[in-house]
Each structure stands twice: as C-alpha cells, then as structure tokens.
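Keep the sequence and the 3D view open, try each task yourself, and then follow the solution step by step.

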Amino acid sequence: MSIDACIAHAIHSDLDILEVLPELKGMPVESLEPYIENYILTVQQEFRMVISEQGDEYIRSKDSAGLCATCMSHGIGIPPKMLLRMCQTIMQLSNIDAKFILDTEDGTSLFYMKMEIDVAEFAA
C-alpha cells in the first residue's frame, strides 16, 4: 500500500478523535465537521511530511517505536500510546500491496492483495 493509504487507514482505525480533541464536547454541532476534517487533514499532512523526510529508515527496518518517537519529536500532538498504535498500523500496511479491481453489483469492493507475512511471528 502507498504511504498515503497507510496513513489514512491508521487515522481511520486508530485515532480516537474525542481523546485527542476533548474540546469537541462543547462545540456546536454545525462546527464539528469542518473542525474535525481540518484536524485530520493536518495530521495526515504532518505524518506524510515526517515519514517522507525522516521515516524511510524506520519503515524499512519495521521500527514502529522509532517512527513514533520521530513523529513526537516533530510535533505530532497525539498521545504516545495512540500514536504508537498508528505507527504500528502504518508498518503493517506498508508491507501489503493492494490494488483496487472493481466494485461488484452489491457494492462490495474487490481488491488484489499481495502480503508479506513473517511466519516466525506465528511459530512461537
């Protein structure tokens, strides 16, 4: 998967928006969507910048903790535990090659996937 797709998936699956932005609880409903969208776009851009400038060595060595520390040092303001989960997701997905094939008539998306699996992890 591309780094952008990995980042988007990590944000979607691991980011707890209410934990990161507790101020949302007091905001008017009509203000929530643009505020959250702006925050997510900013986080995605920050991740992209950090990974493109500093993250290659961590991606290649599958060092999610190192990537997390680098993101923290570059000002990505997500709680460390959540940020580490996001970095772990990015690492896992960066080893998957997925290509969209088509949407079926019932609305299901069909992908071709090629994955790298470390069998030693499952042998223990």
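**Exercise 1. Serine 64**

Task: Find the element that holds serine 64, and decide whether this residue is buried or exposed.

Solution. Before we start, keep in mind that this is a predicted model.
- Step 1: Look for the element. Serine 64 sits in helix 4, which covers residues 64-73.
- Step 2: Check the accessibility. Serine 64 has a relative accessibility of 14%. The cut-off for buried is under 20%, so serine 64 counts as buried.
- Step 3: See what surrounds it. With neighbours within four places in sequence left aside, serine 64 is in contact with Leu84, Cys87, Gln88 and Met91.

**Exercise 2. The overall plan**

Task: Describe the protein chain by its helices and strands, and then by its buried share and its surface.

Solution. 
- Step 1: Count the elements. There are 6 helices and 2 strands in the protein chain.
- Step 2: Along the sequence, the pattern reads α-α-α-α-α-β-β-α.
- Step 3: Turn to burial. The protein chain has 124 residues, and 28% of them count as buried.
- Step 4: Look at the contacts. Among those with a separation of 6 or more, 53% are between residues 24 or more positions apart.

**Exercise 3. One face of a helix**

Solution. 
- Step 1: List the buried residues. In helix 1 these are Cys6, Ile7, Ala10, Ile11 and Asp14.
- Step 2: Recall a general rule. An α-helix has 3.6 residues a turn, so residues three or four places apart point the same way.
- Step 3: Find the partners. The buried residues of helix 1 pack against helix 3 (29-61) and helix 5 (80-94).

**Exercise 4. Threonine 89**

Task: Determine which residues threonine 89 touches.

Solution. 
- Step 1: Locate it. Threonine 89 belongs to helix 5.
- Step 2: Judge its burial. Its relative accessibility is 11%, so threonine 89 counts as buried.
- Step 3: Pick out the contacts. Not counting residues up to four places away in sequence, threonine 89 touches His9, Ala10, Ser13 and Asp14.
- Step 4: Compare sequence and space. Threonine 89 and histidine 9 are 80 residues apart along the chain, while their C-alpha atoms are separated by 7.8 Å.

**Exercise 5. Salt bridges**

Task: Find the salt bridges in the whole structure and say where their partners lie.

Solution. 
- Step 1: Side chains of opposite charge can pair when their charged atoms come close.
- Step 2: Search. The whole structure holds 2 salt bridges.
- Step 3: Take one pair. The side chains of arginine 48 and aspartate 4 meet at 2.9 Å, N to O. Arginine 48 is in helix 3 and aspartate 4 in helix 1, so this pair ties together parts 44 residues apart in sequence.
- Step 4: Take the other pair. Arginine 60 and aspartate 56 form a salt bridge at 2.7 Å, N to O. These two are 4 residues apart in helix 3, which means a separation of about one helical turn.
- Step 5: Check accessibility. Arginine 60 is exposed, at 65%, whereas aspartate 56 is partly exposed, at 43%.

**Exercise 6. A nonpolar patch**

Task: Name the residues that make the nonpolar surface patch.

Solution. 
- Step 1: Identify the members. Phe100, Ile101, Leu102 and Leu110 make a patch of about 360 Å².
- Step 2: Find the main contributor. Strand 1 (residues 96-103) gives the largest share, 3 residues.
- Step 3: Inspect one member. Phenylalanine 100 lies in strand 1 and, at 46% relative accessibility, counts as partly exposed.

Methods
Residues are numbered from 1 along each chain as its sequence is written. This is a predicted model: local features need pLDDT of at least 70, side-chain atom pairs count only at pLDDT 80 or more; totals for chains, interfaces and linings use all residues. Side-chain values use heavy atoms; hydrogens and water are left out. Buried means under 20% relative accessible area, exposed over 50%, partly exposed in between (1.4 Å probe, protein chains only). Contact means heavy atoms within 4.5 Å. Accessible areas come from the Shrake-Rupley method with a 1.4 Å probe; for residues, only the protein chains shown count as cover. Patches are made of residues with over 30% relative accessible area and no salt bridge: like charges are joined within 9 Å, nonpolar side chains (Val, Leu, Ile, Met, Phe, Trp, Tyr) within 5 Å. A salt bridge is a side-chain nitrogen of Lys or Arg within 4 Å of a carboxyl oxygen of Asp or Glu.
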